[in-house]
Amino acid sequence: MATKGTVSGVIANMVTLTVDGPVAQNEICFILTGGDRLMAEVIKVIGANVYVQVFESTRGLKVGAEAEFTGHMLEVTLGPGMLSKNYDGLQNDLDKMEGVFLKRGQYTYPLDDERVWHFEPMVKAGDEVGPSAWLGEVVENFQPLKIMVPFQLTGTYKVKSIVPEGEYTIKQTVAVLTDKEGHDIEVNMIQKWPVKKALTNYKLKPRPFKLLETGVRVIDTCNPIVEGGTGFIPGPFGTGKTVLQHAISKQAEADIVIIAACGERANEVVEIFTEFPELVDPHTGRKLMERTIIIANTSNMPVAAREASVYTAMTIAEYYRSMGLRVLLMADSTSRWAQALREMSNRMEELPGPDAFPMDISAIISNFYGRAGYVELNNGKSGSVTFIGTVSPAGGNLKEPVTENTKKVARCFYALEQERADKKRYPAVNPIDSYSKYLEYPEFEEYISKLINKEWLGKVNEIKTRLQRGKEIAEQINILGDDGVPVDYHVIFWKSEFIDYVIYQQDAFDEVDACCTIERQEDCMNLVIKVCHTEFHFDNFLDVMDYFKRLISVAKQMSYTEFKSEKFHEYRKQIEELIKEKAV
């Protein structure tokens, strides 16, 4: 018998129920009011009193309303047919919804029951398989997807029968497995998995080391992120977080892209919905939306669903990782997710931590980021979930709790700076405060030495040191004036400016400059190092400024030309001549 409950208190979307039977933490229930069934999740159990958070508006809900418990946690339904879809935080298909706003109590099935898929078996009768083993393959939007043994099973099973190659719907049985007791289990193409529980059906989770190429120089050259790595982009409003995320998701070498718009303003989410279907994937030449899933939970949607949306996105990412695919998950913004946690914690009258966030905010963020990673599957293949979140600290304060706690767990830190954005230096990533801890990994050093060359990391550290020195000299010039520092100091400062313009700045709206290959990034680095190592002679600081402005102008023009084209070589020749002009 399913447990039932009665509403005994309502505070916004936090509802207290008195129950007549056993209830589990994170269990889902439905509260009946005015003909609607409101979905809610158990977040606290004290005796016969149960606190639930409702994923809908609780307007009109009265004490005495009845509730029914389902016996399972908040789950996602996984299977073929999710690519190109727009979901909300509870995995309702937004394209099936009626009207502009979601109606209270309305839920839709996330997959298409009637669509037929061409299934190719990968096992035969008599084979032994375990949880998440690949049984067969279907192709969706040119992407081969695996049909797997249900994740919730344990131990090993014998394949009793598998259907021949052919056309099947997601609910048709494609395999029958037999357990050690002789019981038969029918398997179709659908998986269900609770969102708050990590999918761990893999053999090994080593430290990630393979460079994830994004085409963004400030990331790939200076602060690289790896396949299965974690990073975050904090910054005040208007510094270009969303544009940088879009550039990464469009250009990164990933098989699947998942975008979780968590508590974003509606206009930004509409931009994603309208822009992504039009974008062309630079890797395949087809529409980017073919390999993209959008989880949209705007700031006017219920706060509890906002908290669920990031977990929904991560579980979908883990599902594709189990197929041996490279998944890129972008969450915008994790600050709004943390604010949802704060709101729920406050309503439950828990002891507040810094800035009224929950005391365990650090553990929650750490556990979530820990679900990303590079894994070796049981069949010897590998898959990865690379997670990049944005943080929107109030007033651009990077010392607030969400930024500080994310900094502890994310390996890459891309700090967006208001001052750089005001100077129109995009991406506005602070070249000195930002970092990537993957540069310190011996595995990454070995990988990058083979991919590019052994001197690469030394050059990266050199340009970072030169930028730091340039910043220090800029501060001295501001205090003492141009005439107050030696000409040599002006040369050092302008060399750092040359690094900034050639490597750190990039035009996301230019067809050529938007995406920079590793080969071209190596060429940019060699050019910068050559200029930095050249000894110049100047008579005064005006001479220095005039010369480097000419040098930067030609280098910027070169960035807008096709790599190794005739025009590119012309600009390169001009730069070589300019270097000889003032070289000692």
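I started with the largest nonpolar core, which has 75 residues; Phe55, Met82, Met189, Ile258, Ile293, Tyr320 and Trp337 touch the most other members. By nonpolar core I mean a set of buried Ala, Val, Leu, Ile, Met, Phe, Trp, Tyr and Cys residues joined through side-chain atoms within 4.5 Å. Buried is under 20% relative accessible area, exposed is over 50%, and partly exposed lies in between (1.4 Å probe, protein chains only). Helix H4 (residues 303-321) gives this core its largest share, 11 residues. I also noted a second, separate core of 66 residues, with Ile225, Cys412, Val485 and Leu551 among them. In soluble globular proteins, nonpolar side chains tend to be buried together.

The model is a predicted one: local features need pLDDT of at least 70, side-chain atom pairs count only at pLDDT 80 or more, and totals for chains, interfaces and linings use all residues. Residues are numbered from 1 along each chain as its sequence is written, and side-chain values use heavy atoms, with hydrogens and water left out.

**Whole chain**

I find 14 helices and 25 strands in the chain. Helices (H or I, at least four residues) and strands (E, at least two) are DSSP runs, numbered from the N terminus. Of the 584 residues, 55% count as buried. The C-alpha atoms fill a box of roughly 90 × 55 × 45 Å along the principal axes. For contacts (heavy atoms within 4.5 Å), I looked at pairs with a separation of 6 or more: residues 24 or more positions apart account for 70% of them.

Leaving out residues up to four places away in sequence, Ile258 touches Ile293, Ile295, Ala313, Ile316, Ala317, Val327, Leu328, Leu329 and Met330.

Next I looked up Asp255, in the loop between helix H2 (241-251) and strand E19 (256-262). Is Asp255 buried or exposed? Asp255 has 18% relative accessibility, so I count this residue as buried.

**Sheets**

I traced 6 strands that close into a barrel in the order E1-E2-E5-E4-E3-E6, with antiparallel pairing. Two strands pair if DSSP finds at least two bridges between them. On average, neighbouring strands of this sheet are turned by 45 degrees against each other, direction ignored. Cys29 has Ala40 as its bridge partner in E4.

I then followed an open sheet of 4 antiparallel strands, in the order E10-E13-E15-E16. Strand E10 (128-129) and strand E16 (184-187) stand at the edges with a single partner strand each, so one side of each is left without a neighbour in the sheet. Strand E15 (residues 175-178) pairs with E16 over 4 antiparallel bridges, and Leu177 has Ile185 as its bridge partner in E16.

**Helix H10**

Helix H10 (residues 456-480) has 25 residues. I get 36 Å from its first C-alpha to its last, close to the 36 Å expected at 1.5 Å a residue; the expected span is 1.5 Å times one less than the number of residues. Its buried residues include Trp456, Leu457, Ile463, Gly470 and Ile477. Which helices do the buried residues of H10 pack against? I list helix H1 (217-222), helix H9 (442-451), helix H11 (487-504) and helix H12 (518-533). Just after H10, Gly481 takes a positive phi of about 90 degrees.

How values were computed:
Axes fitted to C-alpha atoms, helices over the stretch in contact; angles between N-to-C directions.
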